[in-house]
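Here is a short briefing on a predicted model.

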Amino acid sequence: MAYNLLIENIKKHINLSDSEANSICEFFKLKTIKKKEFLLTQGTICKFEGFVVKGCFRTFTIDKKGNENTLYFAAKDWWLMDIDSFMNHKPSDLNIQALEDSEVLIISQKDKETLYTKIPSAEKLFRIMFQKSIVAWQRRIIRNHSLTAKERYNHFIEKYPKIASKLTDRQASSYLGITHEFLSKIKKQS
C-alpha cells in the first residue's frame with residue numbers, strides 16, 4: 001500500500017508506465033517513525049528525501065532563545081526534506097519530527113542520481129515537484145507579509161483542516177509566527 005500511494009502521487013505529476021513506476025519504487029525504503037521521534041535534527045546532514053505514507057511531521061528550527069519556529073508540516077501524500085542540507089551536504093538548520101506514529105518512504109541522494117540515469121523522466125518529476133514547492137513557499141511568504149494573524153490562522157485551518165486538528169496550540173502558533181497566547185485569543189474570537 002505504501003508504494004501504491006507513492007505511485008499515485010508520482011502519476012499526478014508525470015506520465016509513467018507501470019514498469020517505470022515500479023522501478024522508481026525500488027529506490028525508496030520504508031521507514032517507521034514513532035510519535036515525537038526525529039527523522040532529522042539540527043546539525044546533522046539530511047541524507048534523504050522523504051514521502052509521507054502515514055502520519056504527520058513538522059519541520060522546524062530552534063532559535064538561539066530556544067523558540068521553535070515551524071516552517072511546514074507534511075502529512076500523508078506529502079514530501080519532506082531539508083533541501084539545502086540534502087543538496088549541499090551541509091549540517092541542517094532544521095528538525096523533522098513525527099507528530100504521531102508515521103511511515104515515510106525515503107530515497108538517498110545517491111539512489112536519486114541513479115534513478116535519474118535509469119529513468120530519465122524521474123528528473124522531470126522532481127523538477128516539477130521542486131517548482132511546486134517554490135510556489136507554495138512564495139505564497140506562504142506573501143500571506144505572512146500581507147495577512148493579519150487571524151487571516152493566516154483562518155487560511156491554515158480552512159486549507160489544511162486535517163493537519164490543524166493534529167496540532168497543539170504551540171505548534172500551530174509556531175507555524176503562524178505568533179505566540180500561543182495570541183492564538184488562544186484568535187480562537188476565542190472565531
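Four strands make an open sheet, ordered E2-E7-E4-E5, with antiparallel pairing. Strands E2 (38–40) and E5 (68–75) are the edges, each with a single partner strand, so one side of each has no neighbour in the sheet. On average, neighbouring strands are turned by 30° against each other, direction ignored.

**Basis**
- The model is predicted: local features need pLDDT of at least 70, side-chain atom pairs count only at pLDDT 80 or more, and totals for chains, interfaces and linings use all residues.
- Residues are numbered from 1 along each chain as its sequence is written, and side-chain values use heavy atoms, leaving out hydrogens and water.

**Sheet and helix**
- Strands are DSSP runs (E, at least two residues), as are helices (H or I, at least four), numbered from the N terminus.
- Two strands pair if DSSP finds at least two bridges between them.
- E4 (residues 56–62) and E7 (residues 95–98) pair in the antiparallel sense over four bridges.
- Phe-57 stands opposite Ala-98 in E7.
- Helix H8 (residues 169–176) lies across E4 and E5, at about 100° to E5.
- Axes are lines fitted to C-alpha atoms, for helices over the stretch in contact (heavy atoms within 4.5 Å); angles run from 0 to 180 degrees between N-to-C directions.

**Salt bridges**
- The whole structure holds nine salt bridges (side-chain nitrogen of Lys or Arg within 4 Å of a carboxyl oxygen of Asp or Glu).
- Glu-68 and Arg-58 meet in one, 2.9 Å from N to O.
- This pair links E5 and E4, 10 residues apart in the chain.
- Arg-58 is buried at 4% relative accessibility (buried is under 20%, exposed over 50%, partly exposed in between; 1.4 Å probe, protein chains only).
- Glu-68 is partly exposed, at 37%.
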